[in-house]
Amino acid sequence: MIAKPHGIAFWAALAVGIWPTGTPVAQQPSVQSVGTACGGNGGPATFSHRSLPVPGTTLQLRIDNLPPQALGSLLVAWGGNTTAGGQPAPASLAPYGMPGCELYPRWEVTFPFTTGNGTVNWNIPLPPSQMLLGSSAWAQAFFEQPGLNPAEVGGTNGLVATFGNAAGGQLSSSITQWGITWTFDHDYQVGQFCNGDWWVVGPVTVVSITPGTQSLSGR
């Protein structure tokens with residue numbers, strides 16, 4: 001399932017009162033997982049990324065192992081990870097009927113979604129503003145799961161996206177060197193060292209290598 005409406009709404013919401021200010025800085029883009037999930041279907045509900053947060057590109061996020069056909073809410077916060085009450089995150093949700101669950105970002109913006117078949121994808125177009133460089137956004141999702149706890153709500157791990165430009169790099173779904181082409185499952189941040197060798201910001205999934213392997217003299 002692809003949650004389509006969130007791109008424009010996401011950035012429109014961030015522009016209201018929480019848009020970053022200051023001088024752009026050179027920054028390597030990154031996405032880090034924070035904490036652990038509570039709940040899930042067939043495994044922990046895992047929040048992950050499929051691309052890096054580079055201004056002017058599309059940030060791809062994904063949640064797997066969600067209960068199917070349930071309602072959910074994506075929480076997004078800009079900057080630090082203090083909770084709405086100003087306390088350092090994570091904050092235990094046990095007082096709200098969710099023992100074992102924690103809140104990682106503060107609650108600034110929320111977006112409702114449905115879980116579909118248990119996997120949700122977000123393709124979020126990032127504005128080409130260099131003012132984003134060096135800034136961070138926190139995100140976490142919560143979802144209905146009857147019988148999980150008194151609140152019947154589960155949560156994913158958190159994600160922290162730091163916006164960057166990976167100076168000298170670019171987004172590509174393949175690289176070629178020494179006559180060999182490595183093809184990835186989607187675009188990744190790539191670039192070249194001063195000696196011409198390629199680097200890729202991983203982890204990376206390689207789907208094909210061409211030319212393929214050949215048997216020579218039985219080897």
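**A predicted chain, from one exposed tryptophan to its cores**

Let's start with one residue. Trp178 is exposed, since its relative accessible area is 68%. Exposed means over 50% relative accessible area, buried means under 20%, and partly exposed lies in between, with a 1.4 Å probe and protein chains only. Trp178 sits in the loop between β12 (170-177) and β13 (180-192). Its phi is near 55°, a positive value in a residue other than glycine.

A word on the source. This is a predicted model, where local features need pLDDT of at least 70, side-chain atom pairs count only at pLDDT 80 or more, and totals for chains, interfaces and linings use all residues. Residues are numbered from 1 along each chain as its sequence is written, and side-chain values use heavy atoms, leaving out hydrogens and water.

Gln69 also has a positive phi. The value is about 55°, and Gln69 is not a glycine. Look for Gln69 in the loop between β3 and β4. Gln69 counts as exposed because its relative accessibility is 67%.

Now the whole chain. The protein chain has 1 helix and 15 strands. These are DSSP runs, numbered from the N terminus: helices are H or I with at least four residues, strands are E with at least two. Of the 219 residues in the protein chain, 43% are buried. The chain exposes about 11000 Å², and carbon and sulfur atoms supply 56% of that. Those areas come from the Shrake-Rupley method with a 1.4 Å probe; for residues, only the protein chains shown count as cover.

Next, contacts, meaning heavy atoms within 4.5 Å. Take the contacts between residues at least 6 apart in sequence: 68% of them join residues at least 24 apart.

What about the inside? The largest nonpolar core has 28 residues. Such a core is a set of buried Ala, Val, Leu, Ile, Met, Phe, Trp, Tyr and Cys residues, joined through side-chain atoms within 4.5 Å. Phe47, Leu61, Leu66, Leu74, Phe113 and Trp122 have the most contacts inside the largest core. Six strands each supply at least two of its residues: β3 (58-64), β4 (71-78), β7 (109-114), β8 (120-125), β9 (136-144) and β11 (158-162). β9 gives the most, with 4 residues. A second, separate core has 7 residues, including Leu93, Met98, Leu103 and Phe142.

Which residues does Leu66 touch, leaving aside its neighbours within four places in sequence? Among them are Asn41, Ala45, Phe113, Val120 and Phe143.

On to a sheet. This one is open, with 3 strands in the order β2-β3-β8 and antiparallel pairing. Two strands pair if DSSP finds at least two bridges between them. The edge strands, β2 (46-49) and β8, each pair on one side only. Between β2 and β3 there are 4 bridges.

Cys38 and Cys101 form it, with sulfur atoms 2.0 Å apart. The torsion about their S-S bond is about 110°, so the disulfide is right-handed. The pair links distant parts of the chain, 63 residues apart. Cys38 is in the loop between β1 (30-34) and β2, and Cys101 is in the loop between β5 (91-92) and β6 (102-103). Both cysteines, Cys38 and Cys101, are buried.

Last stop: a cis peptide bond. It runs from Thr210 to Pro211, with omega near -5°. Pro211 lies in the segment after β15 (206-210).

Technical notes
Disulfide = S-S within 2.5 Å.
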